[in-house]
Amino acid sequence: MPEMATTEPHEGRAPMDMLRFATAGSVDDGKSTLIGRLLLDSKAIFEDQLEAVESTSQSKGYSYTDLALLTDGLRSEREQGITIDVAYRYFATPSRKFIIADTPGHIQYTRNMVTGASTADLGLVLVDARHGLTEQSRRHAVLLSLLRVPHLVLAVNKMDLVDWDEKVYEKIHNEFTQFATKLNVPDLEVIPISALQGDNVVNRSENTPWYHGPTLMHHLEHVHVASDRDLQDVRFPVQYVIRPKSDEYHDYRGYAGQVAGGVLKPGDEVVALPSGLPSRIKKIELFDKEIPEAFPPMSVTVHLEDDIDVSRGDMIARPKNAPKPSQDIDAMICWMTNEPLRPRQKLAIKHTTRTGRAMVKDVQYRLDINTLHRDQEAGELGLNEIGRVQLRTTVPLLCDPYSKNRTTGSFILIDEATGVTVGAGMINSGS
Amino acid sequence: MTQTHADYQLSQLDQLEAESIHIFREVASEFEKPVLLFSGGKDSIVMLRLAEKAFFPAKVPFPLMQVDTGLDFAEVLETRDNWVNRLGVRMIVASVDDAIANGVVVDDGKTSRNRLQIGTLLNAIEEHGFTAAFGGGRRDEEKARAKERVYSHRDDFGQWDPKNQRPELWSLYNGRIHAGEHMRIFPLSNWTELDIWHYIGREGIEIPSIYYAHERDVIKRDGMWLSVSDAVQPRDGETVERKLVRFRTVGDKSLTGSVESEADTIEKIIDEIAVARVTERGATRGDDKFSEAAMEDRKKEGYF
């Protein structure tokens with residue numbers, strides 16, 4: 001084990017940092033090969049796993065070990081040779097732990113891509129250098145941008161098959177950069193690689209003297225994600241009220257939850273929503289210790305100076321910086337079930353720790369994620385379609401625009417009869 | 001008070017802890033009758049530690065349940081009892097022997113105890129009316145788990161339908177179930193084996209002594225070092241050897257193999273795992289060996 005200088009004593013040698021990234025691309029783009037390589041080179045694949053894949057490859061009569069088998073988890077998928085669901089993979093380097101949300105690239109699985117991107121700090125889109133940007137790679141970039149994944153990497157793969165031609169890379173780079181101006185892509189890196197041979201994946205390639213950017217692994221290890229969190233606007237959705245009802249903690253009443261935004265400190269003036277009652281933070285606890293401040297994504301327990309009525313679903317914010325309780329919600333919705341979303345439809349809605357019911361008032365437009373065209377005549381959203389929708393909710397939501405806060409700006413829709421999650425929403429505004 | 005965070009960065013273990021605590025509180029809020037499936041192994045101990053932290057200073061607001069195969073290591077039961085006594089939680093034991101005696105499951109002499117646990121567990125969940133059951137599964141363990149949700153829906157028969165899973169977005173968990181169904185909850189989904197060990201080391205919490213290297217009488221069977229006990233006796237051609245070993249997982253004595261090891265501290269265990277070339281299941285779990293899809297099949301039937 002190499003020595004790691006960046007660790008704090010109490011963590012031992014655990015990597016200090018974490019990056020969640022979503023990958024998109026089809027089998028043909030070499031996505032499975034790339035993931036296989038990242039896992040292999042970081043030693044996240046064990047001999048027994050590799051042996052199982054080798055023996056399967058042999059029994060299928062392949063002449064090479066099919067690394068895609070490493071990531072195709074379910075037997076039904078292996079039989080069909082396609083990936084049908086989001087799979088999560090893990091690897092670590094001395095400085096960072098990585099969680100990959102590996103999503104299938106086929107058009108019918110938009111909902112999986114949206115799911116994988118919802119928690120990602122970075123999106124990795126693969127293109128085949130021989131084919132350039134395809135409809136599918138554009139679509140992936142649109143979805144990542146819609147989900148406000150703050151960092152985007154375009155990996156131009158199979159550069160070995162175009163003789164490491166700088167012009168091929170430049171053309172894709174320029175075309176994509178131009179396309180990205182229509183999207184919300186705060187940070188973009190375009191990297192020429194060969195996943196099969198490992199060029200510019202972990203090690204810098206000798207075949208690309210014209211390329212001066214980072215290798216993929218170097219970029220994944222060093223991309224700065226800490227500043228992606230909102231540390232300005234205090235948002236603390238109350239999740240659970242801790243009342244021990246024991247002699248020792250007779251009057252104890254703590255509001256437990258995960259900080260969704262801002263920095264909370266004892267002494268801060270706060271307001272409880274939706275009641276609007278003011279108070280001050282008395283103390284903040286993490287397990288059995290008092291802590292001087294809490295910030296995202298810490299799970300803590302907050303105590304208030306005043307005995308006001310606060311319960312699950314409420315939110316603690318600052319008096320001059322609080323979301324306005326809203327029952328009319330304007331949002332982008334990704335629809336995830338066969339039965340279409342239509343006006344007047346009633347659904348259950350879950351937003352932060354708050355649950356209520358919602359009625360669809362209007363489907364304003366359906367977004368064509370290939371052309372970005374807005375179809376205002378659509379009137380409904382089918383499976384894997386995305387559109388702008390107006391909802392009326394039974395309970396006021398304490399929400400922010402998704403562009404400001406991915407936690408307080410998102411919600412899910414649930415079919416009340418089946419209990420299934422049928423929609424994912426990103427709030428534009430509430431009123 | 002602890003130090004102020006200058007850069008507002010949470011370490012990855014703190015991030016994992018915060019995420020798991022969030023899951024525990026969410027389940028305790030939204031489910032009528034949760035239960036924590038507690039084996040006494042390292043993962044379930046980390047789960048219990050996180051539950052302790054999530055509700056402190058209140059007691060953990062749900063009981064623990066163990067499926068007793070009758071073949072558990074004594075050291076594991078001892079650690080289990082220490083945790084239960086310290087936290088003052090209720091412990092339910094669902095016994096495979098009782099389930100066999102009551103005809104809930106059938107011991108045909110060929111089926112492993114681990115497999116008989118499935119029927120015993122599902123029966124106990126139904127009998128007690130539990131609506132959510134926390135399990136210590138991690139997505140890095142096995143390919144089928146890699147695709148499983150944190151909230152994993154189980155039908156009337158306790159079965160998992162991998163092709164019909166609910167999408168799970170952000171940290172918004174959907175806990176809706178119908179009468180008779182239940183949800184398996186995996187708060188350690190995003191933890192790796194190494195994370196578990198780093199966390200045990202950092203928290204300084206008790207785990208069964210058999211995780212640390214110790215001398216033991218073992219025999220080699222199916223490529224694993226099995227511990228000689230009432231459940232495992234040498235067969236013809238097998239010889240008993242005294243070896244320095246430790247267990248990477250703790251389960252049924254008749255199936256759980258040990259590995260040769262000198263790692264007698266957490267630090268040494270972490271070093272050992274960091275260079276290990278075989279997964280913990282591959283190394284020591286006889287029940288996963290029978291086919292590549294063994295885990296997927298058992299999960300569909302309602303395995304942990």
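Me: What are the ground rules here?
Reply: This is a predicted model, where local features need pLDDT of at least 70, side-chain atom pairs count only at pLDDT 80 or more, and totals for chains, interfaces and linings use all residues. Residues are numbered from 1 along each chain as its sequence is written, chains are lettered from A and ligands numbered from 1 in the order in which they are written, and side-chain values use heavy atoms, with hydrogens and water left out.

Me: Why is Val96(B) called buried?
Reply: Buried means under 20% relative accessible area, exposed over 50%, and partly exposed in between (1.4 Å probe, protein chains only). Val96(B) has a relative accessible area of 0%, so Val96(B) is buried. Val96(B) is found in helix H4 (residues 96–101) of chain B. The C-alpha atoms of Val96(B) and Gln117(B) are separated by 6.3 Å, though the two are 21 residues apart along the chain.

Me: Which other helices are mostly covered?
Reply: Helix H5 (residues 110–118) of chain A has 8 of its 9 residues buried, including Met113(A) and Val114(A). Helix H6 (residues 193–203) of chain B has 9 of its 11 residues buried, including Trp197(B) and Tyr199(B). Just after H6(B), Gly204(B) takes a positive phi of about 60°.

Me: What makes Asp102(A) and Lys31(A) a salt bridge?
Reply: A salt bridge is a side-chain nitrogen of Lys or Arg within 4 Å of a carboxyl oxygen of Asp or Glu. Here N to O is 2.5 Å, and the pair meets the rule. Asp102(A) lies in strand E3 (residues 96–102) and Lys31(A) in helix H1 (residues 31–41) of chain A, so the pair ties together parts that are 71 residues apart in sequence. Asp102(A) is buried at 3%. Lys31(A) is buried at 5%.

Me: Why is the pair Asp400(A) and Arg235(A) said to tie together separate parts of the chain?
Reply: The side chains of Asp400(A) and Arg235(A) meet in a salt bridge at 2.7 Å, N to O. Asp400(A) lies in the loop between strands E19 (386–398) and E20 (410–414), and Arg235(A) in the loop between helix H8 (216–222) and strand E7 (236–237), so the bridge ties together parts 165 residues apart in sequence. Both Asp400(A) and Arg235(A) are buried.

Me: How do you know that Arg216(B) and Glu75(B) form a salt bridge?
Reply: Their closest N and O atoms are 3.4 Å apart, and the pair counts. Arg216(B) sits in strand E7 (residues 214–221) and Glu75(B) in helix H3 (residues 74–87) of chain B, 141 residues apart. Arg216(B) is buried at 12%. Glu75(B) is partly exposed at 25%.

Me: How many salt bridges does the rule give over all chains?
Reply: The count comes to 53.

Me: Why is Asp309(A) called exposed?
Reply: Its relative accessible area is 60%, so Asp309(A) is exposed. The place of Asp309(A) is in the loop between strand E13 (299–304) and strand E14 (315–317) of chain A.

Me: What makes Lys245(A) and Asn384(A) stand out in phi?
Reply: Most residues other than glycine have a negative phi, and most peptide bonds are trans. Phi of Lys245(A) is positive, near 50°. Phi of Asn384(A) is positive too, near 70°. Lys245(A) is exposed at 75%, whereas Asn384(A) is buried at 12%.

Me: Where are cis peptide bonds found?
Reply: One runs from Pro296(A) to Pro297(A), with omega near -5°. Another joins Phe56(B) and Pro57(B), with omega about 0°. Pro57(B) is in the loop between helix H2 (42–55) and strand E2 (64–68) of chain B.

Notes
Helix = DSSP H or I, 4+ residues; strand = E, 2+ residues; numbered from the N terminus.
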